Amino acid sequence: MTYTYLPLTQRQAEQIAYDWQYEGDFAFYDMPNDPEDLAEFLDPDQRTEHYYAVMDSTQLIGFFVFEPGQGSLELALGMRPDLTGRGNGTAFLESGLAFAIKQYQPRHIELAVATFNERAIRLYTKSGFEPVEQFQQATNGGSYEFVKMRLHTGVMK
């Protein structure tokens, strides 16, 4: 499957923030549950040029956020709720990683995932990410355990 990466528009940000509702425990990822993240996601000045819509033909299927650092890249992502849990994650993630490596050329890519999200952790592990630390993070009105994972890209700078 071929995906296109385009700068995230205000309309797309609002669609993701207000229309994407995940089921069960995954409702944790609904944007309105974290007012700070929601405000950043909806504010074009805070959103920056590192926020991308992922398109499959004309359909918005997900987003990636790439935050560059010293030889590293912090990654955040989301897939449209009706596409999750159906075997689409590997192609979606691998495409995003290929885009990130081509665009930013990081030595490693890091992401954080809630430890309850075993499905995502399996996907990230299968794609080469390794856990580097666990930590508590205040979000969504509580404190939750996350695991930071790192992928070594093989890029030498």
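**Stop one: the sheet**

Select the seven strands of the open sheet, which go in the order β1-β2-β3-β4-β5-β7-β6 with mixed pairing. Strands here are DSSP runs of E, at least two residues long, and helices are runs of H or I of at least four, numbered from the N terminus; two strands pair if DSSP finds at least two bridges between them. β1 (4-7) and β6 (130-139) sit at the edges with a single partner strand each, so one side of each has no neighbour in the sheet.

A word on what you're viewing: it's a predicted model, where local features need pLDDT of at least 70, side-chain atom pairs count only at pLDDT 80 or more, and totals for chains, interfaces and linings use all residues. Residues are numbered from 1 along each chain as its sequence is written, and side-chain values use heavy atoms, leaving out hydrogens and water.

Now zoom in on β1 and β2 (residues 51-56): they run antiparallel, joined by four bridges. Tyr-5 stands opposite Val-54 in β2.

**Stop two: a tucked-in serine**

Next, pick Ser-127, in the loop between α5 (118-126) and β6. Is Ser-127 buried or exposed? With 12% relative accessibility, it counts as buried (buried means under 20% relative accessible area, exposed over 50%, partly exposed in between, using a 1.4 Å probe and protein chains only). Setting aside residues up to four places away in sequence, Ser-127 touches Leu-93, Glu-94, Leu-97 and Leu-151 (contact means heavy atoms within 4.5 Å).
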